Amino acid sequence: MARRKRVPLISSVQALRGIAVGITMLSLAGMTAYAGGHPYNTGAPLQPQQPVAAPAAAPATTTTTTGRLQLSRGITTTTTRPVTITRRS
Amino acid sequence: MTTLVWIVARSTGTAALVAIVLSVLSGMALRSGALAWLSHNRGLRAVHDLTGVLWLPLALAHVIALLLDPYSRIGLADLVVPFLVPYGSLAIGLGTISLQLIVVVLLSTWLRSALTQQGWLAIHRLSYVAFVLAFAHGLLAGTDLAQPILSALAWVTAAVLAIVGIRRLTAARGRQSAARSKTVAIP
């Protein structure tokens with residue numbers, strides 16, 4: 001029994017070329033339309049305009065004062081030995 | 001004006017990648033018969049030759065648009081030396097290497113008569129490396145491939161190419177083993 005030769009879906013070379021050009025141009029037109037509607041994508045992997053990662057600054061601490069001099073009652077004492085000695089005659 | 005250049009850069013980059021996909025697909029199908037249901041080898045050869053030329057103006061437009069776009073901050077030196085861009089150097093550098101490899105492949109095709117068959121084949125196989133690098137460049141640097149739908153399309157295309165690539169490899173192995181058995185059979 002003779003084996004039947006499989007006939008390809010598209011036998012015209014010109015048609016195949018046209019399809020290849022069509023797919024490429026369709027992607028070009030589609031992407032142009034899409035990019036025109038969405039000029040910037042915040043989820044894009046690259047963001048050229050962002051500054052190069054600067055070292056993180058230490059968080060600034062703020063204290064609120066009353067504007068008056070604060071005096072404390074306590075007297076600080078040290079346990080270090082005195083430098084001078086009082087002589088007794 | 002800047003926005004227009006940016007849009008051109010994005011759309012031509014994606015379209016160039018599509019043209020390269022068609023080129024690689026038709027090239028692999030030529031030897032493996034993976035697209036025999038679609039067309040005969042003469043048609044696939046015509047598509048392979050056409051897409052090999054089709055991607056070139058698109059890739060050039062992509063590069064020129066990026067050079068003109070102040071937002072992307074890409075200079076002429078970045079076309080020659082990869083990984084120089086101050087941001088995303090790997091992602092953009094892969095694109096530079098890919099472009100250079102494909103230009104070499106294209107030049108080797110034009111100068112085929114001056115090369116040996118083995119030499120030409122060795123250079124021509126660089127197009128697989130170039131395609132993988134271009135795909136990685138699109139994924140790592142592409143503004144639009146970050147979109148889920150486009151990303152899914154890209155991965156499906158890559159899967160199809162991988163399947164055809166495996167068929168191409170198995171077909172080549174089958175031919176080699178058949179040739180070996182013929183050689184052995186001759187007394």
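Predicted model: local features only at pLDDT ≥ 70, side-chain atom pairs only at ≥ 80, totals over all residues.

Student: OK. How many helices and strands does chain B have?

Tutor: Chain B has seven helices and zero strands. Read from the N terminus, its elements go α-α-α-α-α-α-α.

Student: And what box do its C-alpha atoms fill?

Tutor: Roughly 70 × 40 × 25 Å, taken along the principal axes. Of the 187 residues in chain B, 38% are buried.

Student: What share of the contacts with a separation of 6 or more comes from residues 24 or more positions apart?

Tutor: In chain B that share is 65%.

Student: Let's talk about the core. Which residues touch the most other members of the largest nonpolar core?

Tutor: B:Ala16, B:Ala19 and B:Ile20, out of 46 residues in that core. Elements giving two or more residues to this core are H1, H2, H4 and H6 of chain B, along with helix H1 (13–37) of chain A. H1(B) gives the most, with 16 residues.

Student: What is B:Ala16 in contact with, leaving aside its neighbours within four places in sequence?

Tutor: B:Ala16 contacts B:Trp55, B:Leu58, B:Ala59 and B:His62.

Student: New topic: at what angle do H4 and H6 of chain B pack?

Tutor: H4 (residues 89–110) and H6 (residues 126–141) of chain B pack at about 150°, and their axes are 8 Å apart. Angles over 145 degrees count as roughly antiparallel, so that is what H4(B) is to H6(B).

Student: Is that crossing left-handed or right-handed?

Tutor: The crossing of H4(B) and H6(B) is left-handed. Residues making the contact include B:Leu94, B:Ile97 and B:Leu101 of H4(B), and B:Ala130, B:Leu133 and B:His137 of H6(B).

Student: How do the residues of that contact divide into nonpolar, polar and charged?

Tutor: For H4(B) with H6(B), you get 17 nonpolar, four polar and no charged.

Student: Now the other chain. How many residues does the contact take from chain B and from chain A?

Tutor: It takes 35 residues from chain B and 28 residues from chain A. On the chain B side, helix H1 (2–32), helix H2 (41–68) and H6 are the elements that give two or more residues.

Student: Which of those gives the most?

Tutor: H1(B), with eleven residues. The chain B side as a whole has 20 nonpolar, eleven polar and four charged residues.

Technical notes:
Residues numbered from 1 in each chain as written. Chains lettered and ligands numbered in written order. Axes fitted to C-alpha atoms, helices over the stretch in contact; angles between N-to-C directions. Helix = DSSP H or I, 4+ residues; strand = E, 2+ residues; numbered from the N terminus. Parallel < 35°, antiparallel > 145°, perpendicular 65-115°, else oblique. Left-handed = near helix turned anticlockwise from the far one by under 90°. Contact = placed C-beta atoms within 7 Å. Nonpolar A, V, L, I, M, F, W, Y, C, P; charged D, E, K, R; others polar. Buried ≥ 20, exposed ≤ 12 C-beta atoms within 10 Å, placed from the backbone. Core = buried A, V, L, I, M, F, W, Y, C linked by C-beta atoms within 7 Å.
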